Amino acid sequence: MDYKKAGVDIEAGYKSVELMKAHVKKTMREEVLGGLGGFSGAFSLAKIKEMEEPVLLSGTDGCGTKVKLSMIMDKHDTIGIDAVAMCVNDIACAGGEPLFFLDYIACGKNYPEKIADIVKGVAEGCLQSEAALIGGETAEHPGLMAEDEYDLAGFAVGVCDKKEMITGENLAVGDVLIGMASTGVHSNGFSLVRKVFEKEMDREGLDTYYDELGKTLGETLLAPTRIYVKALKNVKNAGVTVKACSHITGGGFYENVPRMLKDGVHAVIRKDSYPVPPIFGMMQKKGQIEEQMMYNTFNMGIGMIVAVDPADAEKAMEAMRAAGDTPYIIGSIEAGEKGVTLC
C-alpha cells in the first residue's frame, strides 16, 4: 500500500507545479522574495514605509457553484479570474492596492493539465489587478470529491494609507453614484442560476446559441468577473476622491449598497439609467423570479458603485473609461434612513 493507491498522486502534484510556473512567473512584482515552491510566499514591505499610516487589507472568497459550469463545459482557464476578482475587488473597494494572492484548489484527482489551466486563469486575474501570485495549494481529496470535480478559493492582501481608505464617512447629500458595468452574472447567485437553467445544465444545453445573448448560454454564464482595480486606481490618480464604494456581489443591490453608507443618508438608484444585460431578463422570465429578488441576488449589470462629489463625476468617469470600464451615472445620495431605493 502506498499514497498513490490511496488516491493521492504525488508525482501528478509535481507535474502540476512545473506546468503552472510559467503562468505564475508573469505575475511577479519586485517585492516578491524567493520563488514558487517554498513553504510560504515572501513579500517585501519596504515600500510601505513611505506611507504615513499603512493599513493592510485582506479578502478571501471562492467562485461558488460557478465552478460546476467549468466542469460541465470542460473549460478551466477563466474560473481563476473569478477567484481573484472576488478578493481584489473587495480590497480596491476599501481604497487598497492588492499586493499578492494565494489560491487553494481542492480536487478529487490531480490532473496536471487541468490544474495548470485553472492556475492560468488565476495568473490572468493577478495580472489584471497587478497582484503577485506568490503561492497556493492543490489538495487531492479522494473519497470526498469525485475524480473530475474541484473547488477553487483564494486569499489576497492589499495595502493603503489610512488617510486614503474609502469609508463613506464623508458622504454628503447630492453626491453622485457611478456604476461600472459588469460582464454578466459574475460569481454570485449561481445556485439560483443553475436551478433556473436546470434542464440546460449539460454540455449540449450550455453550448446552445441564443440570439438574445449573442453567444451560447455557457459562454454568457462563464464570462469571468470584471476586475475593477485599475479603474479605481485611475480615479485616484486623476485626483478624484471616492467617498464610498460598493462591490455588488451576493445580495445584489439591497444588501451591498447600504454597506457603503453612513447613518443619515440614503442611496437612490434609477433602474433605467443603464442597460441591463439580457441574461438577467432571460433568467427572470424563465425562472418567474420577482424583480426585487433579482436585485437582491444578482448584480443586474453593475459590478461596482462609487460615490463622488458631483463636480468630480465626469473626471471620474473619464478615468474609468481609460481603464476599459463602462461607467453610468445611476443615482445619488439623499438624506434619510440608511438604505437604498431602486426606482
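Predicted model: local features only at pLDDT ≥ 70, side-chain atom pairs only at ≥ 80, totals over all residues.
Q: What makes H8 a helix, and which of its residues are buried?
A: Helices (H or I, at least four residues) and strands (E, at least two) are DSSP runs, numbered from the N terminus.

Q: Why is serine 129 called buried?
A: The relative accessible area of serine 129 is 1%. Buried means under 20%, exposed over 50%, and partly exposed in between (1.4 Å probe, protein chains only). Serine 129 is therefore buried. This residue belongs to helix H4 (residues 112-129).

Q: How do you know that serine 129 touches Val84 and Ile227?
A: Contact means heavy atoms within 4.5 Å. Not counting residues up to four places away in sequence, serine 129 touches Val84, Val88, Pro98, Ile227 and Val229.

Q: Why does the link between the side chains of serine 187 and threonine 225 count as a polar contact?
A: A polar contact is a pair of N or O atoms within 3.5 Å; within protein, one must be able to donate a hydrogen and the other to accept it, and residues adjacent in sequence count only if both atoms are side-chain atoms. The two side chains are joined at 2.8 Å, so the distance falls within that limit. Serine 187 is also in contact with Cys63, Lys66, Asp82 and Met86, its neighbours within four places in sequence being left aside.

Q: What makes histidine 186 buried?
A: Its relative accessibility is 2%, and histidine 186 therefore counts as buried. Histidine 186 is found in the loop between E7 and H5 and has a positive phi of about 60 degrees although it is not a glycine. Serine 187 lies in this loop too, and at 6% relative accessibility serine 187 also counts as buried.

Q: Is glutamine 288 buried or exposed?
A: Glutamine 288 has a relative accessible area of 74%, and so it is exposed. Its place is the loop between helix H10 (278-287) and helix H11 (291-295).

Q: How many residues line the largest pocket, and what makes a residue part of the lining?
A: On a 1 Å grid over the protein atoms alone, a pocket is an open set of points where a 1.4 Å probe fits, with protein on both sides within 12 Å along at least five of seven lines; lining residues have an atom within 4 Å of a point. By this rule 41 residues line the largest pocket, and Gly95, Gly96, Cys160, Glu164 and Lys236 lie nearest its centre. H8 gives the most to the lining, with 6 residues.

Notes: Residues numbered from 1 in each chain as written. Heavy atoms only, no water.
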